[in-house]
Amino acid sequence: MAVRYGDDQIASVLNRRGYSTGKGKRWNQTRVATARRNHSIAGQKRALHDPERVSLSETARICGVSHHTIQRLVEAGLLKCEQITPRAPWEVSRRDLDAEPIRSVIEGLHRTGKLILQGGCAEDQLALFTENQGDDNARYLE
């Protein structure tokens, strides 16, 4: 993790995984930096920006959708996300965001207000954004 993540993020992951320092204390940015120095491990105080990888929150912002929509794409197996170690931040490759079928699913969601993950949707699925539905809105108002 030290190659890409900052000491603050490393401390957070170590704590979430239940690890403590040799003296039984919780990890913090200073303790991680000290451990790196003591063991000659290269790293940085803050995370380095990687233009090829983005967090799930950043993925949602780039696509103009909610975090929940990104989770649904991941659960459906359409979008691959990875983490460097358990409890580390999940990341998505920028290249995957521009690939099919992600691009068409997101475009379809923006156009219709419906998240269609594969093969279409049920006739009675309500629109997420009703202003995009035109004459179909009358059906939902009955």
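The questions and answers below walk through a predicted model, from its nonpolar cores to its helices, pockets and a few single residues. Because the model is predicted, local features need pLDDT of at least 70 and side-chain atom pairs count only at pLDDT 80 or more, while totals for chains, interfaces and linings use all residues. Residues are numbered from 1 along each chain as its sequence is written, and side-chain values use heavy atoms, with hydrogens and water left out.

Q: Which residues of the largest nonpolar core touch the most other members?
A: A nonpolar core is a set of buried Ala, Val, Leu, Ile, Met, Phe, Trp, Tyr and Cys residues joined through side-chain atoms within 4.5 Å, and buried means under 20% relative accessible area, with exposed over 50% and partly exposed in between (1.4 Å probe, protein chains only). In soluble globular proteins, nonpolar side chains tend to be buried together. The largest core here holds 17 residues, and those that touch the most other members are Ile70, Leu73, Leu79 and Val92.

Q: Which helix gives the largest share of this core?
A: Helices (H or I, at least four residues) and strands (E, at least two) are DSSP runs, numbered from the N terminus. At least two core residues come from each of α3 (56-63), α4 (67-75) and α6 (102-112). The largest share, 4 residues, comes from α6.

Q: Which residues does Leu79 touch, not counting residues up to four places away in sequence?
A: Contact here means heavy atoms within 4.5 Å. With residues up to four places away in sequence not counted, the residues touched by Leu79 are Thr59, Ile70, Leu73, Val74, Val92, Asp96, Leu97 and Ile102.

Q: How many residues make up the other core, which lies apart from the largest one?
A: This other core includes Ala2, Tyr5, Ile10 and Ala11 among its members. Its total is 6 residues.

Q: Are the buried residues of α3 on the same side or on opposite sides of the helix?
A: In α3, the buried residues are Leu56, Thr59, Ala60 and Cys63. They cover an arc of only 100 degrees around the axis, the arc being that of the directions from the helix axis to the C-beta atoms. Ser57 and Arg61 are exposed on the other side of α3.

Q: Which elements do the buried residues of α3 pack against?
A: These buried residues are Leu56, Thr59, Ala60 and Cys63. Their packing partners are β1, α4, β2 (81-82), β3, α5 (94-98) and α6.

Q: Which residues lie closest to the centre of the largest pocket?
A: On a 1 Å grid over the protein atoms alone, a cavity is a set of points where a 1.4 Å probe fits but cannot get out, and a pocket is an open set with protein on both sides within 12 Å along at least five of seven lines, while lining residues have an atom within 4 Å of a point. The largest pocket holds about 300 Å³ of space, where grid points are joined across faces, edges and corners and a volume is the space filled by probe spheres set on the points. Of its 15 lining residues, the closest to the centre are Arg4, Arg53, Val54, Ser55 and Glu91.

Q: Which strand gives the most to the lining of the largest pocket?
A: The lining has 6 nonpolar, 3 polar and 6 charged residues, where Ala, Val, Leu, Ile, Met, Phe, Trp, Tyr, Cys and Pro count as nonpolar, Asp, Glu, Lys and Arg as charged, and the others, Gly among them, as polar. With 3 residues, the strand that gives the most is β1 (residues 53-55).

Q: What is the volume of the second largest pocket?
A: Its lining includes Thr21, Trp27, Arg31 and His39, and by class it has 2 nonpolar, 5 polar and 3 charged residues. The volume of this second largest pocket is about 200 Å³.

Q: What is the relative accessible area of Ser40?
A: Ser40 is placed in the loop between α2 and β1, and it has a positive phi of about 55 degrees although it is not a glycine. Ser40 counts as exposed because its relative accessible area is 69%.
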